[in-house]
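Student: Please take a close look at one part of this model, through its packing. Then place that part within the whole chain.

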Amino acid sequence: MGAAAERAEEENEEWAGVTPDAARRLVGAAVEAFAERGYHATTTRDIAGRAGMSPAALYIHYKTKEELLYRISGIGHEKALRIMGAAAEAGGSATERLRDAVRTFARWHAEHHTTARVIQYELQALSPEHYTEITGLRRKTDRLLRQIIQDGADSGEFRADDVPGTTLAVLSLCVDVARWFTADGPRTPDEVGTLYADLVLRMVGAPDRP
């Protein structure tokens with residue numbers, strides 16, 4: 001599958017819950033435009049043109065460019081929270097849960113690198129109200145990962161004297177995947193996820209796999 005086809009498949013999966021079709025096309029077009037040009041350099045005309053629509057048609061579904069960014073950010077951050085929540089609530093040791101959390105979180109940032117780049121690096125463009133809501137989702141994700149690492153530190157599985165700092169380092173490592181990953185690069189999203197999980201477990205001094 002070529003890079004363009006992979007991007008189309010990624011977009012269809014990521015925005016499947018956005019209806020109607022015109023609203024979904026606008027979200028996909030906005031992600032592409034924001035990732036390519038940056039939020040502030042992108043106009044509503046740019047977005048509408050990429051979606052094959054007129055600027056007037058865009059306003060039927062989204063009142064402002066910022067509302068589009070908010071919609072994109074909400075979907076992306078809710079997905080990240082679900083990924084971390086599934087790992088945190090799974091059974092098993094802290095080592096197993098941390099491995100699963102990092103593998104799936106890093107893999108998502110690779111699979112959906114265009115979306116992830118937008119939601120991670122255009123956050124400051126949100127309105128104060130929307131920024132507060134989205135950062136609340138980020139804090140929930142942070143707390144879930146922090147609890148996994150704290151559990152490992154408490155059980156003696158991890159050597160993590162500074163749990164908040166370690167949590168920040170792990171999140172930063174995973175999020176940064178979106179900055180450099182490309183679909184035609186040397187690693188697949190699965191390979192990135194596995195590599196990062198192994199790196200993080202070594203970072204916290206987790207026991208080797210049996």
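Tutor: Start with the term contact: heavy atoms within 4.5 Å. This is a predicted model, where local features need pLDDT of at least 70, side-chain atom pairs count only at pLDDT 80 or more, and totals for chains, interfaces and linings use all residues. Residues are numbered from 1 along each chain as its sequence is written, and side-chain values use heavy atoms, with hydrogens and water left out.

Take Ala22 as the part to inspect. Leaving aside neighbours within four places in sequence, Ala22 is in contact with Met53 and His61. Met53 is 31 residues from Ala22 along the chain, and the two C-alpha atoms are separated by 8.5 Å. Ala22 is found in helix H2. Helices here are DSSP runs of H or I with at least four residues, strands are runs of E with at least two, and both are numbered from the N terminus. Ala22 counts as buried because its relative accessibility is 18%. Buried means under 20% relative accessible area, exposed means over 50%, and partly exposed lies in between, with a 1.4 Å probe and protein chains only.

Stay in the helix. H2 spans residues 21-37 and holds Gly28. Gly28 has a relative accessible area of 2%, so Gly28 is buried. From Gly28 to Asp151, 123 residues apart along the chain, the C-alpha separation is 39 Å.

Now the record. UniProt, in an unreviewed entry, lists residues 20-80 as "domain: HTH tetR-type". Its positions are given in the numbering used here, feature names are shortened, and annotations may be inferred rather than shown by experiment. In the model, residues 20-80 are 77% helix and 0% strand, with the end C-alpha atoms 24 Å apart. The unreviewed entry also gives residues 43-62 as "DNA-binding region". That stretch is 70% helix and 0% strand, and its end C-alpha atoms are 13 Å apart.

Next, helix H5. It covers residues 65-89 and includes His77. His77 is buried, because its relative accessible area is 5%. Apart from neighbours within four places in sequence, His77 is in contact with Ile119, Leu123, Ile134, Leu137 and Arg138.

Helix H7 runs over residues 113-121, and seven of its nine residues are buried, so H7 is largely enclosed by the rest of the structure.

Step back to the whole. The protein has 11 helices and zero strands. Buried residues are 47% of the 210. Of the contacts with a separation of 6 or more, 67% join residues 24 or more positions apart. The radius of gyration, taken over C-alpha atoms, is compared with 2.2 Å times the number of residues to the power 0.38. For 210 residues a compact globule would be near 17 Å, and the protein has 18 Å, so the two agree. Along the principal axes, the C-alpha atoms fill a box of roughly 60 × 40 × 25 Å.

Last, the charges. There are 26 positive and 32 negative side chains, and the centres of the two sets lie 3 Å apart. Lys and Arg count as positive, Asp and Glu as negative, with His and the chain ends not counted. Each charge is placed at NZ of Lys, CZ of Arg, CG of Asp or CD of Glu.
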